[in-house]
Amino acid sequence: MSQASALARLDELLAPFTPDKPGLAALVSVGGEVVFERYLGGADLEHGAPVTAATRFHVASVSKQFTAFAVLLEAEAGRIDLEADIHAYLPELADYGARVTVSHLVHHTGGLRDQWELMMLSGTPMDGLIRQSAIIEIAARQRGLNFPPGTDFRYSNTGYALLAEIVARTSGKPFWRYLDEAVFAPLGMTQTLVYGDATRLLPDRAMSYRLTPRGEVRLARLNYANYGATSLNTTPRDLAKWTRELLHPRLFPAALIQRMTTPGALSDGAPLNYGFGIMRDVLGGRAALTHGGGDAGYRAACNSFPADDATVVVLSNGAADVGAIADALADAFLSGGAPPAAEPTTPDAATLQRLAGYYVSGWGPGMTLTAEDGKLTAHVPGGPIEAKFLPDGSFYLFSPAYRLTRQPDGTLTETQGVGGRNLLHHPATRVQPSPEELAALAGTYRSDEIDSTYTLTATDKGLRLSCLRFPPIDLAPAGQDAFDGPNLRLTMRRAPTGFMVSTGRLKGLAFEKVGWPTSASFSKSRPSVGCA
């Protein structure tokens, strides 16, 4: 893309950020000098406060790299052993029946169930006050893992909350103070802080919003009092100071920064593209150190390009597509880049029919693909999505970084953008239980791991899952003994009587039927790792 075309595209993307709409902060730095800076829209629409260079944005998972760096600093000081079992620092955690190390948490290879999905399953309101202590407590209740540590990659916010807790315990300082003193102050990041106290006043805060399909602005409340995985508040100028240090170490040892920006690997040596809260990726044809983030209405993109000695930061408080804006900024102000993306192709009807069907991955509900009117449509949470095909025959739903390719046996291999691992979607057949079989599954079930009780009732289409803490969820019959909901899969167990729940970042959460006899060994022993 030519610079003129990129600038025109950029103008088009920035035009909607008017003073009466949620805001945007964007910055491009090359060689340590700011070459582009723009502050648009409102930081606090109720009080008419615009976004300025001083506006602090919650940057969600961009926080993780600072948590990981704190761990490295503590390791450098000899207070943390990256290869030590995390129970050495957090003895209150349950025995997983497997050794999870600090390094596993840093690289998302420990198999820990994700804190947000655990909380949603427990009925915790995501717009309510969520304290760090509650996250540590629910993590301590878990008796199983998603997979044996070191054998797979699955993004886990829980791991990073635990890392922050480890740093606080080994340093003897509150986590926010540790980062203030060890990282932010030395780098001159005067507008940056870890917001772990939801009662604290925060000057120049960007509030959180969303836009309805009709363009109406609504609050998207965020009331976090937790940290490690999230809750860094900062500005583009401050983030540019941090990324400058990553590209050209000045205050911290070069070897430490080198380790910080080196991806991890699985136990068998299989490489990842993620490590220490940073992903090594290729964005628009340029090698990058990158991480994004999103909570409520906040969105963040923080991309550094070593070959260009450049950084692009885009922050939003209105759920903007910061990735697209960051890409346009890189095309407009950096060298090289990828040629224009190939136009989506349209496969023939026979190809579409071969792809149609029901697929399961082991993570959450299955995926149904239908072929009709020359289109392949995926029926997934959030509504039907039309697949976009690439010239090599692969296709994607949300992003080309997550493309699916059909194998000769009918399996779909999905490339995972974050982590770099492949996920297999296997063809499956739905099984329709009889009314009598559905009725036999009705009852009350409980999980001590999330301190929650669910009720299952039979319907004319499947099962309905109810809980006092959230609206009922209709479950459709899926595979043998399996039922799919909008964001979860429920798999019945026969002995002991109960079921397992899996979601996109959680497997094997066990519920037992209330009032049925259970074996003492089950109640006292730990579940097998990776059960589904």
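**Around helix α10**

Visitor: What covers the buried residues of α10?
Guide: The cover includes α1, β1 (24-30), β2 (33-40), β14 (286-295), β15 (298-305) and β16 (310-316). Helices (H or I, at least four residues) and strands (E, at least two) are DSSP runs, numbered from the N terminus. This is a predicted model, where local features need pLDDT of at least 70, side-chain atom pairs count only at pLDDT 80 or more, and totals for chains, interfaces and linings use all residues. Residues are numbered from 1 along each chain as its sequence is written, and side-chain values use heavy atoms, with hydrogens and water left out.

Visitor: Which residues are buried in α10?
Guide: Val 322, Ile 325, Ala 326, Ala 328, Leu 329, Ala 330 and Ala 332. Buried means under 20% relative accessible area, exposed is over 50%, and partly exposed is in between (1.4 Å probe, protein chains only).

Visitor: OK, and at what angle do the axes of α1 and α10 cross?
Guide: Roughly 150°, with the axes of α1 (residues 3-14) and α10 (residues 322-333) coming within 8 Å. Axes are lines fitted to C-alpha atoms, for helices over the stretch in contact, and angles run from 0 to 180 degrees between N-to-C directions. The two helices are therefore roughly antiparallel to each other; that label takes angles over 145 degrees, while under 35 is roughly parallel, 65 to 115 roughly perpendicular and the rest oblique.

Visitor: Which residues make the contact?
Guide: From α1, Gln 3, Ala 6, Leu 7, Arg 9, Leu 10, Leu 13 and Leu 14; from α10, Ala 324, Ile 325, Ala 328, Leu 329, Asp 331, Ala 332 and Phe 333. Contact means heavy atoms within 4.5 Å.

Visitor: Switching topic: where is Met 119 placed?
Guide: In helix α4 (residues 115-122). Met 119 is buried, with a relative accessible area of 4%.

Visitor: What is Met 119 in contact with, leaving aside its neighbours within four places in sequence?
Guide: Thr 124, Met 126, Ile 130, Ala 134, Ile 135 and Ile 138.

Visitor: What about Ala 60, which loop does it lie in?
Guide: The one between β5 (57-58) and α2 (64-76). Ala 60 has a positive phi of about 50°, although it is not a glycine. At 1% relative accessibility, Ala 60 counts as buried.

Visitor: And what is the phi of Asp 204?
Guide: Positive, about 65°, and Asp 204 is not a glycine either. Asp 204 sits in the loop between β7 (193-194) and β8 (209-211) and is partly exposed, with a relative accessible area of 43%.
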